[in-house]
Amino acid sequence: MTTQNLLVELFVEELPPKALKKLGDAFAGVLFEQLKAQGLASADTSVVTAYASPRRLAAHVTHVWRKADDKAVQQKLMPVQVGLDASGKATPALLKKLQALGADVSDPAAAVAALKRAPDGKAEALFYDSLVTGATLDVGLQKALEEAIAKLPIPKVMTYQLETDCALPGWSSVNFVRPAHSLVALHGSTVVPVTALGLKAGNTTQGHRFEAKVSPVVIEDADTYAQTLLGDGAVIASFNDRRFAIVQQLAQAAERLGPGYEVLMDEDLLSEVTGLVEHPNVLVCEFEAQFLDVPQECLILTMKANQKYFPLVDATGKLTNKFLVVSNISPDDASAVIGGNERVVRPRLADAKFFFDQDRKKTLASRVAGLDKVVYHNKLGSQGERVQRVRAIAESIAQLLGADVADVQRAAELAKTDLVTDMVGEFPELQGIMGRYYALNDGLSAEVADAIEDHYKPRFAGDELPRNTIGVIVALADKLETLVGMFGIGNLPTGDKDPFALRRHALGVIRMLIERDLPVQFHALTRLAFAAFPAGLLQDKAVELDEFLIERLKGYLRESGYSVTEVDAAIYAQKLGLWSTIPQRLAAVRAFAALPEAPALAAANKRIANILKKAGEVDAHVSEVLLQEPAEVALYAAMKEVVPQANTQFEAGDYTASLQTLAALRAPVDAFFDGVMVNAEEMDLRLNRQGLLKSLHDAMNRVADLSRLAS
């Protein structure tokens, strides 16, 4: 049986632009999977192509059969002892089951003879062989289409009434993301008689709302869909092709303006604009140069977020007064479109300039009191109270690191004041950024101003860290205050729910400690953060917070390319200590694991740990007088030579060399366990040998828990 290609299109009113790509991929993906599941398409030869424009979702599937092959199916019925009586005749239960499957039971004996008997676990069961008729495309596509529509990732549907020829009173309602107006279903050039959302399939659709050459647009066959829609309907049906066309036109427009112009091609904005236009046309517009006195972040944000425009910067990254618009129409004279967009953006930029000018009339310091009126959390008080806690935490961290306490206090106190400015009230995304501008306007140092902006960093995975030490300290304090406060009132992340972004805050703390090589103990940080809160306000969740952060640390290290075993070994000695040393410890563990001595020493380390665990409290003291066996004398002598050298390397921070030096103990350690009874009957000998092992264990595990490397 030959195959033909299939085209299905659902023509609707304007779809949500931010979700368009996801909707298109989901519609085509589910439709294809359902066709494959019914044997109408093949995973080996069929290919699906998704189409999505502002007013349509479509899928093109190659090599689709008109009818699926019949399929032999074997079904388990029931155990033999249930289906047959003592004489081997069919029981009523068996006959009822066969009837339900459509089998002929007019001759029960013949029906039983047609069954197969086969082992099924400990018993024997009856099996029924049948031939299932393959689905026709009419039926199979109907099912696939209904499934594709039902599984669209639509957060909220709307209800609308269908047009009807029925003379009877009443309405027929449909629930969908947007009202649907037509359905196309073509197998080759043949219309497949399916229905959806009250629509019957045909071969006509609508093109561009203003620029289509004909209406309706007739699709002759499945393979000419995109070509016909472009030629007759002035619509680029493919989301990816339309996005590529926009990128090309943006680049060409910048190039025509001359050297030095560069487009800020925000990926999210590109996708959203692709979901807004059917046939893109990029135009160059401009605004008055006087608006460039406003911080460019404000202008860029208002152009991108409010107007969906693409700003243009010069070679130094400075914003110019030109911008690009992606229009959905291509008139011969575009001056009206250009002028309209320039008029629309002007009030937005004027608002930004007004906010900026007004905000600079008051200093950040004068706004501190206003934070007392801003609610942070009903259990944790106002932003003003929170700022005082952040300041206290930052001051303690500054003292630990030997930083300028006065500058840290100043930055922490002013870091949140831009929240009560007009600009941030209008554009919350600019918090921190505007704080920096206003701090410089107030005459504060660049270091303090940078810290005010950077205390939100890192805002997401891969984001840059604060630029200077003051910023790092305030950022640490801010994130620790959030973590401690939320844990202390029981607002812990659960599953994929993390409304206060505690995982992100934890990752920020981890990255700053490690990537900035901060010589401060993690345990000390969490404890001084808890101390900044009033007594009795929080539950004692310090241990839970430590465990949460340690788990995030493990995840961060695994994402850096280290194995679970390496991570567990490296953080063993530093769970609550200096996390800044963990990368060096990991490198040392990896280098040690590659040594030929590593497996034996790891196994010995594990054995020593088990012995010491059973022994209880053991003093790491060795009396040479009590060393009797040659193997324990040799091990002690080797340790006196090797351990001091390894300790010196450890103290110098050369963890790799320290572990490699300890590898020389493999032979005497092996000999010790071969020739020495640790748990000797004489108490003094037993304690001395346990002390020897304790000394060895302490020396070998300063860098990492080597027993974790034992398989």
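Tutor: Start with handedness: a crossing is left-handed if the near helix is turned anticlockwise from the far one by less than a right angle, and right-handed if clockwise. Helices (H or I, at least four residues) are DSSP runs, numbered from the N terminus, as are strands (E, at least two). The crossing of H1 and H5 is right-handed.

Tutor: This is a predicted model: local features need pLDDT of at least 70, side-chain atom pairs count only at pLDDT 80 or more, and totals for chains, interfaces and linings use all residues. Residues are numbered from 1 along each chain as its sequence is written, and side-chain values use heavy atoms, with hydrogens and water left out.

Student: At what angle do H1 and H5 pack?

Tutor: Two packed helices are described by the angle between their axes and the distance between the axes. Axes are lines fitted to C-alpha atoms, for helices over the stretch in contact; angles run from 0 to 180 degrees between N-to-C directions. H1 (residues 20-37) and H5 (residues 137-150) pack at about 145 degrees, with axes 8 Å apart.

Student: Which residues in H1 meet H5?

Tutor: Contact means heavy atoms within 4.5 Å. Phe-27, Val-30, Leu-31, Gln-34 and Leu-35 in H1 meet H5 residues including Leu-137, Gly-140 and Lys-143.

Student: How many helices and strands does the protein chain have?

Tutor: The protein chain has 26 helices and 20 strands. Its C-alpha trace spans about 105 × 100 × 50 Å along the principal axes.

Student: What share of the residues is buried?

Tutor: Buried means under 20% relative accessible area (1.4 Å probe, protein chains only). Buried residues make up 49% of the 711 residues in the protein chain. Among contacts with a separation of 6 or more, 68% join residues 24 or more positions apart.

Conventions: Buried means under 20% relative accessible area, exposed over 50%, partly exposed in between (1.4 Å probe, protein chains only).
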